[in-house]
Amino acid sequence: WRNIRDGMKPDRAACSPRPLIWGAVLVLLGVFFVGWMCMGSIQFSQQGLVGADGHYHVRYSQIMAERGPLTTFPWTQASVHRDRFMDKDFLLHVLMVPFLGDDLRFGPKLLTSLLAALLWLLIAFIAWRHGFPAFWLAALFLLAAGIQFNFRMSLTRPHLLSVLLAVGTA
């Protein structure tokens with residue numbers, strides 16, 4: 001900046017924020033990859049889906065892919081949802097449709113671990129935007145949140161999207 005004050009042209013390489021941005025992008029990609037590996041290790045540590053509700057969401061996504069959105073839910077005979085049904089988790093079910101395959105386990109596990117890794121990425125990005133010097137540590141603090149938090153972030157349920165939207169709009 002002294003060069004500008006003295007009337008000389010500024011050195012573009014010294015003033016350009018591009019190296020800093022590309023370095024931050026590489027670190028953010030690293031945070032996403034580490035998050036994906038950590039959350040994927042929880043998700044793929046067992047053969048079936050983590051938790052019990054994930055099976056409902058996967059199966060409903062498969063039914064929705066075959067028949068479209070349902071207005072009735074005939075599988076529950078003694079419920080108010082039998083004749084009038086509205087999918088409150090529509091966004092998750094639509095998002096899960098491309099991840100369904102013949103197995104009905106691998107794709108949803110992959111989607112769940114990707115969404116959890118996106119949470120890591122989003123927290124690191126917010127820390128970077130706020131100017132934290134070691135912003136990648138903010139995402140690693142999710143590991144310090146404990147097994148209960150990380151286990152819940154590994155469930156194939158719609159709360160992953162809710163947490164992502166809540167953190168992203170904060």
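A residue is buried when its relative accessible area is under 20%, exposed when over 50%, and partly exposed in between (1.4 Å probe, protein chains only). By that cut-off, buried residues make up 32% of the 170 residues in the chain.

This is a predicted model: local features need pLDDT of at least 70, side-chain atom pairs count only at pLDDT 80 or more, and totals for chains, interfaces and linings use all residues. Residues are numbered from 1 along each chain as its sequence is written, and side-chain values use heavy atoms, with hydrogens and water left out.

**Confidence and fold**

pLDDT is the predictor's confidence in each residue, from 0 to 100. The chain averages 84, and 89% of the residues score at least 70. Where pLDDT is low, the predicted coordinates should not be read in detail.

The chain has nine helices and zero strands. Both are DSSP runs numbered from the N terminus: helices are H or I with at least four residues, strands E with at least two.

Contact means heavy atoms within 4.5 Å. Of the contacts in the chain with a separation of 6 or more, 66% join residues 24 or more positions apart.

**Largest pocket**

The largest pocket holds about 160 Å³ of space. A pocket is an open set of points on a 1 Å grid over the protein atoms alone, with protein on both sides within 12 Å along at least five of seven lines; lining residues have an atom within 4 Å of a point. The lining includes His 57, Asp 89, Arg 157 and Pro 158. It divides into four nonpolar, two polar and five charged residues.

Asp 89 sits in the loop between helix H4 (53-67) and H5. Its relative accessibility is 9%, so Asp 89 counts as buried. Beyond neighbours within four places in sequence, Asp 89 is in contact with His 57 and Pro 158.

Which residues of helix H9 (residues 159-169) are buried? They are Leu 160, Leu 161 and Leu 164. They lie on the same side of H9 because they cover an arc of only 95° around the axis. These buried residues pack against H5 and helix H6 (106-129).

Leu 155 lies in the loop between helix H8 (147-152) and H9. Leu 155 is buried, at 8% relative accessible area. Leaving aside neighbours within four places in sequence, Leu 155 is in contact with Val 50, Gly 51, Thr 112 and Leu 160. The C-alpha atoms of Leu 155 and Gly 54 are separated by 6.7 Å, although the two are 101 residues apart along the chain.

How values were computed:
1 Å grid on protein atoms, 1.4 Å probe; cavity = no way out; pocket = protein on both sides within 12 Å on 5 of 7 lines; lining within 4 Å. Points joined across faces, edges and corners; volume = space filled by probe spheres on them. Nonpolar A, V, L, I, M, F, W, Y, C, P; charged D, E, K, R; others polar. Arc of directions from axis to C-beta.
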